[in-house]
Amino acid sequence: MTMANAFGADDFGRLSTMEQEMIARRERVLGPAYRLFYERPLHFVRGEGVWLYDAEGQAYLDAYNNVASVGHGNPAVLEAIGRQAATLNTHTRYLHEGILTYAEALTATFPSELSQVMFTCTGSEANDLAVRIARAYTGGTGIIVTSHAYHGVTSTVAEFSPSLGANVDLGFHVRTVSPPNPNLPLSEIEASFARDVEAAIADLKRHGIKPAMLIVDTIFSSDGVIADPPGFLRAAVDAIRKAGGIFVADEVQPGFGRTGEALWGFLRHGIVPDLVTVGKPMGNGYPMAGLIAQPHIIAEFGRNARYFNTFGGNPVAAAAGQAVLAVIQDQNLVANARSVGAYLKAALETYVGSSPLIASVRGAGLFLGVDVEEDGKPSAIAAARIVNGLRERHVLISASGPAANVLKIRPPLVFSRANADRFMEAFDATLKAIMQKD
Ligand code: PMP
């Protein structure tokens with residue numbers, strides 16, 4: 001069975017003529033590099049809260065999109081964006097109260113050492129800036145990442161994003177380490193990951209490359225969602241610092257409350273990074289991202305290079321960001337991520353052992369990964385069947401991990417218990433349908 005027909009269009013009917021035409025137009029005008037989700041791609045025209053609506057007005061439960069983390073079309077964020085856009089939208093080279101208020105509010109959510117912020121428009125730009133700063137601070141060039149990491153699209157960042165695949169070359173100064181191994185006993189994970197980082201440092205040095213930074217996504221999203229045990233990053237962070245490099249926490253995925261304990265994923269590891277990069281949910285869809293730094297790390301860089309990002313941190317971005325922080329706080333969304341996430345995780349865990357397809361469930365808060373296996377082996381095909389089966393039942397998720405067999409469940413943070421129940425109904429029906437066919 002091939003991926004293309006793993007959950008075939010025949011099972012659920014065909015694409016409408018309009019959708020077929022849109023796919024053809026898309027290929028014509030957007031070219032060959034884009035990929036659509038799902039066997040039967042979706043065409044959404046509207047979003048509200050955790051729901052997306054297709055062109056026929058049918059509702060889909062969004063259990064995947066983390067950008068709209070305070071809900072699609074959040075009225076408070078829209079109001080803030082609209083009001084500021086109608087008043088003034090310039091950039092960071094003029095004094096502006098809103099930019100400063102937001103920068104102060106954002107940095108106040110970090111440990112006190114991380115007290116300065118630089119704004120960008122995308123997570124890729126934030127990681128690109130992190131490399132420049134790390135290199136200026138350390139005098140090194142070496143970069144250590146996990147073996148299936150994704151950190152972004154600029155040419156520098158793509159060189160340390162191995163999940164882009166074998167056709168995208170890694171930089172000669174880049175070394176990959178296996179992500180923390182969730183199959184080890186919990187007590188061994190920290191030391192084992194640190195040993196791998198130490199080996200990568202040694203290999204860089206042997207090739208005459210001084211280490212500049214270790215960067216990890218603190219929820220290891222593209223590596224297959226690895227959250228436990230809390231604290232497992234500590235020894236690796238010590239190792240990179242001992243070697244003269246810095247530690248960068250990429251919070252583009254786990255940041256802004258997703259892991260359900262605090263606003264930032266690194267906090268569950270009891271560490272204070274040298275730099276933190278943030279993005280995606282920062283403006284709930286308004287493109288904004290940034291880098292939060294310990295001042296001594298960016299001091300030298302700032303003296304030697306001026307920094308200006310035309311759109312990054314403009315007054316509208318600041319208004320959007322401020323509104324997002326307010327909604328997260330007012331609606332207790334970190335606590336919601338914790339409780340609804342735990343509820344959903346417990347429901348999924350009942351399938352471990354009872355379904356031959358579900359091997360384990362990992363994650364924190366509203367970021368869950370489910371290992372899918374067939375005959376005891378990771379199965380991308382079975383994972384794709386579940387993803388597409390859920391899609392046909394109007395529930396949206398995706399799959400990730402090195403073997404593409406980890407279901408990635410990452411809904412907006414406003415996801416409720418009732419939404420989780422609806423999710424589980426569709427999940428159960430999908431597994432039953434797959435088992436009946438086999
Ligand atoms: N880091 C991580 C961990 C990401 O998941 C992503 C985006 N998927 C990025 C960085 C890049 O962010 P952007 O797409 O905004 O450039």
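1. Y38 counts as buried because its relative accessibility is 16%, and buried means under 20% relative accessible area, with exposed over 50% and partly exposed in between (1.4 Å probe, protein chains only). Y38 also has a positive phi of about 75°, although it is not a glycine. You will find Y38 in the loop between α2 (17–30) and β1. Helices (H or I, at least four residues) and strands (E, at least two) are DSSP runs, numbered from the N terminus.

2. **What kind of model this is.** This is a predicted model, in which local features need pLDDT of at least 70 and side-chain atom pairs count only at pLDDT 80 or more, while totals for chains, interfaces and linings use all residues. Residues are numbered from 1 along each chain as its sequence is written, and side-chain values use heavy atoms, with hydrogens and water left out.

3. **Two more backbone spots to look at.** Most residues other than glycine have a negative phi, and most peptide bonds are trans. H394 is not a glycine, yet its phi is positive, at about 65°. H394 sits in the loop between α12 (380–392) and β14, and is buried, with a relative accessible area of 18%. The peptide bond from D228 to P229 is cis, with omega near 0°. P229 belongs to the loop between β7 and α8 (234–242).

4. **The chain as a whole.** How many helices and strands does the chain have? There are 13 helices and 16 strands. For 438 residues, a compact globule would have a radius of gyration near 22 Å, and the chain agrees with this at 22 Å. That radius is taken over C-alpha atoms, and the globule rule is 2.2 Å times the number of residues to the power 0.38. Along the principal axes, the C-alpha atoms fill a box of roughly 65 × 55 × 45 Å.

5. Of the 438 residues, 54% count as buried. The accessible surface of the chain is about 18600 Å², and carbon and sulfur atoms account for 53% of that surface; such areas come from the Shrake-Rupley method with a 1.4 Å probe, and for residues only the protein chains shown count as cover. Take the contacts (heavy atoms within 4.5 Å) between residues at least 6 apart in sequence: 73% of them join residues at least 24 apart.

6. **Two domains.** The domain assignment gives domain 1 (3–70 + 332–437) and domain 2 (75–330); bounds of this kind come from an automatic or database domain assignment. Taken over C-alpha atoms, the centres of domain 1 and domain 2 are 27 Å apart. Across the boundary, 28 residues of domain 1 are in contact with 32 residues of domain 2.

7. **The nonpolar cores.** A nonpolar core is a set of buried Ala, Val, Leu, Ile, Met, Phe, Trp, Tyr and Cys residues joined through side-chain atoms within 4.5 Å. Which residues touch the most other members of the largest core? They are L106, L348, F415, F423 and F427, out of 94 residues in this core. Helix α10 (residues 315–330) gives the most to the core, with 10 residues. Both domain 1 and domain 2 give residues to this core, so it lies between them. A second, separate core of 23 residues includes A149, I246, L291 and F301.

8. Is strand β5 (residues 142–146) mostly covered or mostly open? It is mostly covered, with five of its five residues buried. In a regular strand the side chains alternate between the two faces of the sheet. In β5, G142, I144 and T146 point one way and I143 and V145 the other, and all are buried. Strands pair if DSSP finds at least two bridges between them. β5 pairs in the parallel sense with β7 (residues 211–217) over three bridges, where I143 has M213 as its bridge partner. Four bridges join β5 to β6 (residues 174–177), also running parallel, and there V145 is partnered by T176.

9. Strands β2 (residues 51–54) and β3 (residues 59–62) run antiparallel and are joined by three bridges. W51 stands opposite L61 in β3.
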